[in-house]
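The entries follow in the order in which I made them.

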Amino acid sequence: MTEQPRRRRFTRAPRILTRTGEQLAVRRIRWLLVIYGLVLLLVLGQLVNIQVVQADDYADRSVRQRERVIELPATRGRIYDRDGDVLATSIEGATIYADPRGFRPSETADGTPVPAAADPVEVANELAPLLGRDVDDVLERLQRDAHFVYLGRQLDHEVGQQIQALGYPGIGVLAEPKRVYPGGGLAAQVLGFTGIDGDGLQGLEAQYDTILRGRPGALFLERAPGGLDIAPGVRELTPSQVGTDLVLPLDRDIQHAAEMAAAGAVERFDARSATVIAMEVATGEILAMASTPGFDPNRRVSGDEDAWRNRAITDVFEPGSTQKAFTVAAALEEGLVTPTTPFEVRDRIRVHSSTFTDSHPHPDSTWTVSEIIERSSNVGTIQIAQELGEQRLEAYLRGFGLGRTTGLGFPAESPGLLMPHEDWWGTSLPTISIGHGVAVTLLQLASGYTTLANDGSAITPSMVRGTVGSDGRLSPSPRSTSQRVVSRDTATQMQQMLIDAVSGDAGTGALAAVPGYSVGGKTGTARKPDPAGGYSDRYVASFAGFAPAHDPQIVVAVMVDEPYPIWGGVVAAPVFAEVMEAALIARRVPPDGASPTLAEALERARDLAREREEAEAGAADEDPLGIPVDDPASPPAGDPAEG
Amino acid sequence: MTAILTPRRSPRSATIRDDRPDLRVVPEPRPRHTLGYALVMVLLLAGAVFGAVALNALAAAEAVAARNLERQVAEGEREYARLVADVAALEDPGRIREAALELGLVPSGPARHLQLERNLPADGAVVGTPLPEVTSDPLKPVLSAER
């Protein structure tokens, strides 16, 4: 320990003493240069590290700091009826969200306490009525352990503005497209609806989702931390593509008339449901497709899913006597009978081990084929079917569209039920020939009658007239294909028989008559199968027909489920007449029936006026005011105009 | 073992060196206007900075204006879409029926048709010079191109 300083002195002293001041300065400068060099190397190294080694990483970080990518949602295509009236469109809604962290006290990283931005109870009380939710529900969402919660989605734009004006920290408003159906429940089962994220879930919204949804775009821009765009920065816009619009063949007025008529039938006959279809004969375009009970796609609630189904396409029923037209048409086409071929018809017939009866007892009669249809005789139709045979009956029924989907492509379309004739048993021929043991959708029934009205050519039903792209022009859908099922002569003979079924003295469809037009059609009344086996005591009433009968333009088919009374001629035929009349007027089809002259009409009008005056005079004696209390045209009590 | 090559002096360089005088008179340098030069440079620099800042400010102002315009466009589109939906809702046959009933109108009975004893213009008789046919597209006013 004691020798070390001495040794140090011995070695260092001569070196210090030998250096001059100039040498010392040079040496210091050299050291400084070395240090500068090292620092420079360090800087250069870091420069190389930043600019070369980690260049991509730093470039990405830089871009992430200033870039903003704003997704531009695509506007979903609209759905129009055949006249360009909007059935479904999209508007901008407001989605309200919250960051629950702001509503509870917290601490910063260095332990500084941060108070809650606002009292969640106060905020919940304020927002709940605007959001249409319970206060407890809103409060529960504000107190969740999450960074982001929805308080309400796709609300009205005005609601979003009101909430934004409140200025609560932690509460935000986003613009989000909202699908709306201006007609409410009009054609709801046909249109379907979209989910909360804009995906088609039901009906045409689901079937044509890919072309309706469009393609979202994006806006890429550089933005300063304050939120202002960096003007000379990058700005790339990939515009969103608006979804393609759909134009349907539906006519809004006919659709409304069909829905009114169906709803009226359900109410009047205490029925479970009612379904109506109107089709254009020449094109197969569906003018109306109504199902009752319906729903409003703008206000769907859980529990009414049963009303979402488009029953005209998804539900099957036994067509009953409406199918007799197909059976007889097949026999006519095969040359087995003519409209005037007589049959000895009793009121019951035994086939295999079962006895089939007509709806009403009658003495043994000689009826022509035309009279069998007019009277809707089960026995007579079975006799005709026995001449036809199983194989040919099945082939013609399939030709009329039974047992297979129509080609419409609608979601959940049912093909119906028609077993191959190889699987038929002893009573199948008579049963199926009169519309039992076979199940059809109302669309299949309407298509079959369209074939008869279209001079024997089956035409594929059409639910979309075309699409409208960004150029605003209609691109028509491919024309419906047609296929001959029976000859023109057979179809004409069948049309005349169906006219007799409505206007004949013994016709069962008298209530289907439309003033001014000739109408052809057939009633149907069928027991519903019992799930436990056999048939229940519940019925389906139906009617299918066309007008004007001598140059058919429109086919209407009606099905009423479990009505009372049960008869198709009583329940379904008036619905047919109501819808057919509305359709003929809406489509401007000129009347073909015997219309009165102007002089005759004026004379009738005078008679009516005279009768009304007499009736009012009689009523005035009973009511001093002369105004029935339940007259909707009566002025309300206290109306200033009254005095 | 190896010969060392010595560079040969070129005769030309020797000549130049021989002809160049050892001393010559250098003209007096012109006095430089240092202050003016500095002022020009400062002005140029200031102008460049001011120009860059001004351009940037103008661009920022235009960016704000562009954002306002985009907001107006978006607001206009939103309003248009809402009005289309409102018009369609007001035209709904069900709503019109309800409104008519509230006003005291009663549903009409079944339609009746008259057979006129002579033709009227509506039946095809033309009075005067017919107007040229106009191709109309009933869908056009409400379709995508005008969104």
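This is a predicted model: local features need pLDDT of at least 70, side-chain atom pairs count only at pLDDT 80 or more; totals for chains, interfaces and linings use all residues.

**Entry 1: the chain overall**

Residues are numbered from 1 along each chain as its sequence is written, chains are lettered from A and ligands numbered from 1 in the order in which they are written, and side-chain values use heavy atoms, with hydrogens and water left out.

I then read off 20 helices and 25 strands for chain A; helices (H or I, at least four residues) and strands (E, at least two) are DSSP runs, numbered from the N terminus. Of the 643 residues in the chain, 46% count as buried, a term for under 20% relative accessible area, with exposed being over 50% and partly exposed in between (1.4 Å probe, protein chains only).

**Entry 2: the five-stranded sheet**

I traced an open sheet of five strands in chain A, in the order S14-S13-S25-S24-S23, with antiparallel pairing; two strands pair if DSSP finds at least two bridges between them. Strands S14 (286–292) and S23 (520–529) of chain A stand at the edges with a single partner strand each, so one side of each has no neighbour in the sheet. From one strand to the next, the twist averages 10°.

I followed S13 (273–280) of chain A in more detail, starting with its partners. Eight bridges join S13(A) to S25(A), with Ile277(A) opposite Ala557(A), and six bridges join S13(A) to S14(A), where Thr275(A) has Ser291(A) as its bridge partner. The hairpin of S13(A) and S14(A) has five residues between the strands, and there Gly284(A) takes a positive phi near 75°. Strand S24 (residues 535–547) of chain A is joined to S25 (residues 554–561) by eight bridges, and Phe543(A) stands opposite Val558(A) in S25(A).

Is S13(A) enclosed or left open by the rest of the structure? I found that eight of its eight residues are buried, so S13(A) is largely enclosed by the rest of the structure. In a regular strand the side chains alternate between the two faces of the sheet. Ser273(A), Thr275(A), Ile277(A) and Met279(A) are buried on one side of S13(A), and Ala274(A), Val276(A), Ala278(A) and Glu280(A) are buried on the other. Helix H17 (residues 442–453) of chain A lies across S13, S14, S23, S24 and S25, running at about 35° to S13(A).

**Entry 3: two partners of helix H12**

I turned to H12 (residues 324–333) of chain A, whose axis comes within 9 Å of that of H18 (residues 488–503) and crosses it at roughly 140°; axes are lines fitted to C-alpha atoms, for helices over the stretch in contact, and angles run from 0 to 180 degrees between N-to-C directions. That makes H12(A) oblique to H18(A), since angles under 35 degrees count as roughly parallel, over 145 as roughly antiparallel, 65 to 115 as roughly perpendicular and the rest as oblique. Residues of H12(A) including Val328(A) and Leu332(A) meet residues of H18(A) including Met494(A) and Met497(A).

The axes of H12(A) and H14 (residues 378–388) of chain A come within 9 Å and cross at roughly 40°, and these two helices are therefore oblique to each other. Among the residues making this contact are Val328(A) and Ala331(A) of H12(A), and Ile384(A) and Leu388(A) of H14(A).

**Entry 4: two single residues**

I placed Val575(A) in helix H19 (residues 568–586) of chain A, where it is buried with a relative accessible area of 1%. Val575(A) touches, among others beyond four places in sequence, Val276(A) and Val558(A).

I found Asp296(A) in the loop between S14 and helix H11 (311–314) of chain A; at 18% relative accessibility it counts as buried. Leaving aside neighbours within four places in sequence, Asp296(A) is in contact with Gly184(A) and Gly185(A).

Definitions and conventions:
Contact means heavy atoms within 4.5 Å.
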